[in-house]
Protein chains: 2
Amino acid sequence: MRLLFATHNANKLAEARQILGAKGIEIDHLDMEYEEPRGEDTSEIAEKSARGLFSGIRKPLFLEDAGLFIEALNGFPGPYSAWVFRKMGYQGILDLLKGKGSRRAHFKSSVAYADDNGVRVFEGKVEGSIAMQAGGESGFGYDPVFVPDGYGETFAEMDRAIKNSISHRKMALEKLAGHLLSPS
Amino acid sequence: MRLLFATHNANKLAEARQILGAKGIEIDHLDMEYEEPRGEDTSEIAEKSARGLFSGIRKPLFLEDAGLFIEALNGFPGPYSAWVFRKMGYQGILDLLKGKGSRRAHFKSSVAYADDNGVRVFEGKVEGSIAMQAGGESGFGYDPVFVPDGYGETFAEMDRAIKNSISHRKMALEKLAGHLLSPS
């Protein structure tokens, strides 16, 4: 089975190839601009984006919208995580949380898959907290400041294989694989 | 002359009625959802939004997209100023600028007007800086932390009439009025 993955992010592409490849699902890369609507929820954004993209491409494809949602910041940077990261990096998040009582946060991944039958969205979520300071070199984006519950290190300090085994993206992609391999 | 102004913001509506009313242009309020694309530039966002909205309404209308662009934050919060404000208020901006050397910023307003001839965009811009602490009760949004160049107080500390005489929105709306009253 082959699918198109629409992304501009080489890290996400590698992560998806690793996770879906292990299930025998091969990924072709679709590196093109697509319209992303505004919204508060990554699943709604992914669903609409996939619908729009599929209407032009007409081949089975998926895309992913993910975000880091910080409780004390009312869900910021959420659906605009990538944009905020380009503006201020993870240091901005650390600055905003100085003196805040709670550092609770979660990563959410919404994978939208589109084919002739319509669009399906699969979600994955990892609960955790924002570290007091950045740590680690692995991963990308906010990985150096996110500590998943049950672990004493950030996503960026973890072995890549361990992160990929517990990540929000992994969970969402596993659900996609389950759907593709035994559609009901 | 009567125009529709598409906005959810009662403050913007009042400001526009005051500025355009003085020119004999009356404003009806269009309070409905419209699709706003993502983008880095308020003019591009306003132009596309107005085009989309006009295609359904088919009556002369305008809308405005405005943003606060902070140099030391690479233009953050920019096109997402309203969303960021809902998440963290102006206090988030003060937190992000602690220890930063430059506090330079500008407000930009992009007014997009649509009629059967197409869409025209009019821009207004006010240069200034972010105050060390918030001041004033007047205005809305980031007004309590923005000090326009040449003034010793924030937009929110100023008399409303003075702010409305120098604001980015005023400039853009004046250009719209000029276009409507003597189209060339």
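In what order do the six strands of the open sheet in chain B stand?

## Sheet layout

The model is predicted. The strand order in chain B is β2-β1-β3-β4-β5-β6. The six strands form an open sheet with mixed pairing. Strands β2 (26–30) and β6 (146–148) of chain B stand at the edges. Each has a single partner strand, so one side of each lacks a neighbour in the sheet. On average, neighbouring strands of this sheet are turned by 40° against each other, direction ignored.

Helix α1 (residues 10–21) of chain B packs on the sheet. The helix touches β1, β2 and β3 of chain B. Its direction makes about 160° with that of β2(B).

## Strand β3 and its partners

Strand β3 of chain B spans residues 61–70. Strand β1 (residues 2–6) of chain B runs parallel to β3(B), joined by three bridges. Here B:Leu4 has B:Leu61 as its bridge partner. Strand β4 (residues 104–115) of chain B pairs with β3(B) in the antiparallel sense, over 10 bridges. In that pairing, B:Leu63 stands opposite B:Ala112.

## Burial of β3

In β3(B), 10 of the 10 residues are buried, so the strand is largely enclosed by the rest of the structure. B:Leu61, B:Leu63, B:Asp65, B:Gly67 and B:Phe69 point one way. B:Phe62, B:Glu64, B:Ala66, B:Leu68 and B:Ile70 point the other way. Both sets are buried, and they include the acidic residues B:Asp65 and B:Glu64.

Strand β5 (residues 118–130) of chain B pairs with β6(B) in the antiparallel sense. Three bridges link the two strands. B:Ser129 has B:Val147 of β6(B) as its bridge partner.

Definitions and conventions:
Residues are numbered from 1 along each chain as its sequence is written. Chains are lettered from A and ligands numbered from 1 in the order in which they are written. This is a predicted model: local features need pLDDT of at least 70, side-chain atom pairs count only at pLDDT 80 or more; totals for chains, interfaces and linings use all residues. A residue is buried if 20 or more other C-beta atoms lie within 10 Å of its own, exposed if 12 or fewer, and partly exposed in between; C-beta atoms are placed from the backbone. Helices (H or I, at least four residues) and strands (E, at least two) are DSSP runs, numbered from the N terminus. Two strands pair if DSSP finds at least two bridges between them. Axes are lines fitted to C-alpha atoms, for helices over the stretch in contact, and angles run from 0 to 180 degrees between N-to-C directions. Two residues are in contact if their C-beta atoms, placed from the backbone, lie within 7 Å.
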